[in-house]
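Please keep the sequence and the coordinates open while reading.

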Amino acid sequence: MGSLDGRVAFITGVARGQGRAHAVRLAREGADIIGVDVCRDYPHMNYPNASTADLEETVRLVEALDRRIVARQADVRDYTELKAAFDEGFVQFGRVDIIIANAGIIRLGDEQDFLAEWKEVIDTNLTGVYHTVRAALDALTQGGRGGSIVITSSTAGLKGTGSPFASNQAYAAAKRGLVGYMQCLANDLAPKMIRVNTIHPTGVVSGMTMNEPMQRLTTEAASGSRNAISAMKNALPIEILQAEDIANAVAWLVSDEAAFITGVQLPLDAGFSVR
């Protein structure tokens, strides 16, 4: 018996990285999964998004744990598309207990079209989270069993670092904005025993961090140049976390063991935010 037996989780950005880790970890605890990922590249970001093959691998990993998953391509910026994907899973499973709004993007290390780059990040990282919660909230509320919403913010949602680039500024603005959104939801939904929290990871191994633009930034920082990476240092001697580290914390946060925790900004950051 797992801690989440019989429950259903709706997860965005599920094809790789933290989203996949959440799906696998929660499936290991007994949950079935409704998962979405855009599975196509954004025109103004400079690293590749997950692929359909990545999404298929997430399906394989969840099913290997003898759990069910409905995984569909959907863009969190498109509410109608996202809602249709969620509804398909909800019809199959008949319930939802957990929402993990995880999908997010950033352009790394330069700027080419500041208006387009600002808009893509805000539309995905802030409005996309609103779309995610809104798509599933009625079903979660009407279930009458309470539930848990976890919103992936960032250390940037706790402590901004300097950057002249629109994408980095939009990222920090969106991730900080998610805290305000979380607090609104936490207060509104508490009487229904629906808990809402943000998590704030430091650097995590994922498609966002393991790519050529990030490698260039890392190399520049190592040579003494000042950039977004040179300002990001954890207090603990841990250079980067694994996606599974974040998923382990989230599995606890959505479980009954954390049934009294709501409205919290939870740093998962190896001490970054206290440095």
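A polar atom of the Ser-154 side chain lies 2.9 Å from the backbone nitrogen of Ala-156. Such a pair is a polar contact, that is, two N or O atoms within 3.5 Å; within protein, one must be able to donate a hydrogen and the other to accept it, and residues adjacent in sequence count only if both atoms are side-chain atoms. The model is predicted, so local features need pLDDT of at least 70 and side-chain atom pairs count only at pLDDT 80 or more, while totals for chains, interfaces and linings use all residues. Residues are numbered from 1 along each chain as its sequence is written, and side-chain values use heavy atoms, with hydrogens and water left out.

Ser-154 sits in the loop that links strand E5 (147-152) to helix H5 (166-189). Helices (H or I, at least four residues) and strands (E, at least two) are DSSP runs numbered from the N terminus. With a relative accessibility of 7%, Ser-154 counts as buried; buried means under 20% relative accessible area, exposed over 50%, and partly exposed in between (1.4 Å probe, protein chains only). Apart from neighbours within four places in sequence, Ser-154 is in contact with Tyr-171, Lys-175, Ile-199, His-200 and Pro-201, where contact means heavy atoms within 4.5 Å.

Strand E5 itself is mostly covered, six of its six residues being buried. On one side these are Gly-147, Ile-149 and Ile-151, and on the other Ser-148, Val-150 and Thr-152, so both faces of E5 are covered. Which strands pair with E5? Strand E4 (residues 98-101) pairs with E5 in the parallel sense over four bridges, and E5 is also joined by six bridges to strand E6 (residues 194-201), again running parallel. Two strands pair if DSSP finds at least two bridges between them. Ala-101 has Ile-151 of E5 as its bridge partner, and Ser-148 has Arg-195 of E6. From E5 the chain crosses through H5 to E6 in a right-handed β-α-β crossover. E4, helix H4 (residues 114-142) and E5 likewise make a right-handed β-α-β unit. A crossover is right-handed if, with the strands pointing away from the viewer, the path from the first strand over the helix to the second runs clockwise.

Asn-125 belongs to helix H4. Is Asn-125 buried or exposed? At 0% relative accessibility, Asn-125 counts as buried. Not counting residues up to four places away in sequence, Asn-125 touches Ala-103, Gly-104, Ile-105, Tyr-171, Ala-174, Lys-175 and Leu-178. Tyr-171 and Lys-175 are also among the contacts of Ser-154. The Asn-125 side chain reaches the backbone nitrogen of Ile-105 at 2.9 Å.

Helix H7 (residues 243-253) also packs against this set of strands. Its buried residues are Ala-243, Ile-246, Ala-247, Ala-249, Val-250, Ala-251 and Leu-253. They pack against H1, E4, E5, E6 and strand E7 (265-268). Asp-256 lies in the loop between H7 and E7 and is exposed, with a relative accessible area of 52%. A polar contact of 2.8 Å joins its side chain to that of Arg-7.

Leu-55, Thr-58 and Val-62 are the buried residues of H2. They lie on the same side of H2 because they cover an arc of only 55 degrees around the axis, taken from the directions from the helix axis to the C-beta atoms. Their cover includes helix H1 (17-28), strand E2 (32-37) and strand E3 (69-73).

Two loop residues complete the tour. Most residues other than glycine have a negative phi. Cys-39, in the loop between E2 and H2, is not a glycine and yet has a positive phi of about 55 degrees. Asp-66, in the loop between H2 and E3, is not a glycine either and has a positive phi of about 65 degrees. Cys-39 is buried, with a relative accessible area of 10%, whereas Asp-66 counts as exposed at 64% relative accessibility.
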